Structures are given as C-alpha cells and as structure tokens.
Amino acid sequence: VSTQSTWDQKNKYFYMGAAKSKRRTLKMHELQEYTKISSFAAEEVNELYGYYQHFSSSQIDDGVIDYPEFCEALNLIDSIAAQRMFRIFDENQDGIINFREFVIGLTKFMNENTEQRMKLTFKLFDIDHHGYCRKEDLKQVVRSYFNAYPDIFKSLPSSVIDSIVGQTFSELEIGEGEELMYEDFRRWYTKHQSVSSWLTIDIAKLKKGILLLEQMENRKKQTCQSHQLSLIHI
C-alpha cells in the first residue's frame, strides 16, 4: 500500500460526506510545503486542513475563508481588532484567506519571538499601513477590542481608554499630534509585553474544535451506515 493511500485512509474523516464530495486530503508534496513554511508538524497540518475546509464552506462553499468565516473559525467577535487580524492573515489583500495564508497566519500569531510579536502588535495598531500609529488609531483599536468583550472588560468608558492611551504617549514623550513610530513602540513594548497576550490564538482550543468536528463527522457516518442497514433489512 502506498504512503499516500495510507495517509488518505488515516484522514478519511475529513471528507465531509457525499453532499460535499469535493473535500480532499492534502497531497504529500502539499503537506511537505506547508510543514516547511509553518511551525506545524505534518499531522497538525492535515488536521488544520480539515478544520479549514469545514469553515471555508460554513457560509459560502467556495474553498476559501472570508471575514465572517474567519471570525467563526478562530472564535473572534467582529471588531476593528478582528478586522486587522484578518488583514494580516490575508497576505495578498484579496479579501479571502486560502489555506496557505491560514497556516502562515496561525504561525505568525503563535510565534513567541519577542521581536516578531512586537512587529505583529504594531501592525494591528498601524491602521493605514503608514509605518506609524496616531493616538486616535491606538484608541480605536483598543476601544474596539474592549467593546467586543464586555464580559471581560465591563464596557470600559471612553475616558478610561483615552487615559490609557494618553499615558502611553506621555511615557514615550510623544507630543499631541505627533505619531508613534515603531522604534518608540518597541521601547514601550519591552516594558509592557503583556499587551500582546490578547493577540495569542489558543491552539489548544483550536485542536479541541478539530476534535469536535471529527466526532460529529463520525456520528454522521454511523447514522448513515445504520440507515443503510435498516433499508437492507426492509
């Protein structure tokens, strides 16, 4: 038996039923490519591919993930912060995320390298991609994130968010109307690294979602098989 056919047998649960017969597992050369460009092992890439395929068809069955599907897949609430995350995943800015972009994006957000996390955090605040961040940009992203999770942040009033951002600019001695450059942000970040904790994608939760999808698919197959047996006995 060939390696590829064995792999297909192991991962046959990623075929989402007859109604979605175009579902497939990754070919060996694709699998090798994705393991090279990401921090995932081959088995994890295959699992992620099944997860990706499920959500790429959750709203429109087109084989790619759009913004609503992205939020659903990563359990994000629609917000400016989530929109910025989507744009970072969407490398070619075509409004959709293919599997290659999905894997690379997850790798970026799971990267524990301090310098990389600083750059990633700054990208979220640099709304217009100018290479700097205005005070209003920072307020907008922070307010968006806090408002998206009222149970955690208890809907902080704008005055508190203004105060947090104002203190940040004062600490860096940035005057009113001046921009926050990356080097300034870098100095501030080294003292407040916890600021990036909310950017972390919980891979354990993602794997739990993959497992649940697998269990649902197995139950579907068992139900289908039972139904077919019933028909045979009639």
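This report describes three residues of a predicted model, S56, N75 and Q93.

The model is predicted, and local features need pLDDT of at least 70, side-chain atom pairs count only at pLDDT 80 or more, and totals for chains, interfaces and linings use all residues. Residues are numbered from 1 along each chain as its sequence is written, and side-chain values use heavy atoms, with hydrogens and water left out.

**S56**

Helix α3 covers residues 42–56 and includes S56; helices (H or I, at least four residues) are DSSP runs, numbered from the N terminus. S56 counts as buried because its relative accessibility is 1%, where buried means under 20% relative accessible area, exposed over 50%, and partly exposed in between (1.4 Å probe, protein chains only). A polar atom of the S56 side chain lies 2.9 Å from the backbone oxygen of Q53. Leaving aside residues up to four places away in sequence, S56 touches D61, D62, G63, V64, I65 and E69, contact meaning heavy atoms within 4.5 Å.

**N75 and Q93**

N75 is found in the loop between α4 (67–73) and α5 (80–89). Q93 lies in the loop between α5 and α6 (99–110). For N75, phi is a positive value in a residue other than glycine, and the phi of Q93 is likewise positive in a residue other than glycine. The table gives the values for these two residues.

| Residue | Phi | Relative accessible area | Class |
|---|---|---|---|
| N75 | near 55° | 55% | exposed |
| Q93 | near 55° | 43% | partly exposed |

Technical notes. Helix = DSSP H or I, 4+ residues; strand = E, 2+ residues; numbered from the N terminus. Polar contact = N/O pair within 3.5 Å; in protein donor to acceptor, adjacent residues only side chain to side chain.
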